[in-house]
Amino acid sequence: PGLKLIIKETDGFKVDPKIVDQIIIYSAERYDFELDLQCMLESDTYEMIVKILTGSELTEKNDVKGVAIIKVTGTYQSPENSWKFSPFGRECHDSISKSDITLLNCPFENYPNQPLRKCVPVSNLVSTFTETTDMITGSSKQFFLNFAFVGGPSVNGRKFIWPTVSALTQNDEVDTNCDKCKDEGACACTYAITLPYESEIIMIFLNLGKGGSVHHPIHMHGHTLEVLKMEFPKLKK
């Protein structure tokens with residue numbers, strides 16, 4: 001409490017520094033940050049606390065799931081009154097209200113029923129990764145993937161089942177593919193999409209339909225990804 005978190009990286013990729021008070025982290029997500037200690041008046045001990053958010057209003061559970069003790073000693077001795085401003089152009093303060101905070105990675109445009117909490121979506125982070133022109137030689141291709149519960153946990157209504165052979169090395173022998181599935185309704189099959197080689201791939205993730213209010217951790221491996229844009233649902237009371 002009272003110390004700022006300076007976001008430096010997300011999932012191993014550097015971004016322009018972003019200053020927040022708290023971070024909402026989902027399964028498999030990682031953020032690297034530094035602590036702003038410039039505003040400290042004297043040596044002190046701080047608790048970095050991890051809590052669980054629950055429900056559509058992101059209510060904090062009372063029980064603490066993780067805690068780290070940070071002991072700061074030998075604070076910088078600056079000229080009188082210079083401590084009032086940090087190098088980031090903000091006025092320093094000894095403590096911070098629990099409601100007047102900035103959160104990174106909110107699932108909503110505004111924090112539910114908390115007008116003083118400012119939400120910063122991860123799409124606002126600016127990547128410092130420089131893309132070279134020879135990385136993409138093909139055209140751009142879009143894929144729409146809906147993760148709502150159509151016949152249970154599924155993608156585009158396709159509930160995954162394991163193939164009986166190696167789909168990577170024996171693709172022609174896969175007899176559990178989705179060729180017989182219809183556009184509407186649920187179907188159990190080995191769902192796969194073919195990505196054009198050396199092309200820009202844009203994936204639009206949706207969560208519409210039954211189970212649309214449930215969050216779904218998604219793991220993407222073997223590719224360099226950036227969040228280009230986010231849209232937020234409206235809450236119904």
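## Second largest pocket

Strand 12 (158–160) and strand 14 each contribute at least two residues to the lining of the second largest pocket; strands are DSSP runs of E, at least two residues, numbered from the N terminus. Strand 12 gives the largest share of that lining, three residues. The structure is a predicted model, in which local features need pLDDT of at least 70 and side-chain atom pairs count only at pLDDT 80 or more, while totals for chains, interfaces and linings use all residues. Residues are numbered from 1 along each chain as its sequence is written, and side-chain values use heavy atoms, without hydrogens and water.

The space in this pocket is about 1200 Å³. Of its 32 lining residues, F160, T190, Y191, A192 and I193 are the closest to the centre. By class, the lining has 20 nonpolar, nine polar and three charged residues.

## I201 in strand 14

I201 lies in strand 14 (residues 200–206). I201 counts as partly exposed because its relative accessibility is 28%, and partly exposed runs between buried (under 20%) and exposed (over 50%), with a 1.4 Å probe and protein chains only.

Beyond neighbours within four places in sequence, I201 contacts K141, F143, L195 and P196, contact being heavy atoms within 4.5 Å. I201 and K141 are 60 residues apart in sequence, with 5.1 Å from C-alpha to C-alpha.

Three strands form an open sheet in the order 2-1-4, with antiparallel pairing; pairing requires at least two DSSP bridges between two strands. Strand 2 (13–20) and strand 4 (31–36) are the edge strands, each pairing on one side only.

Strand 1 (residues 4–10) pairs with strand 4 in the antiparallel sense over six bridges. T10 has Y31 of strand 4 as its bridge partner.

Methods
Helix = DSSP H or I, 4+ residues; strand = E, 2+ residues; numbered from the N terminus. 1 Å grid on protein atoms, 1.4 Å probe; cavity = no way out; pocket = protein on both sides within 12 Å on 5 of 7 lines; lining within 4 Å. Points joined across faces, edges and corners; volume = space filled by probe spheres on them. Nonpolar A, V, L, I, M, F, W, Y, C, P; charged D, E, K, R; others polar.
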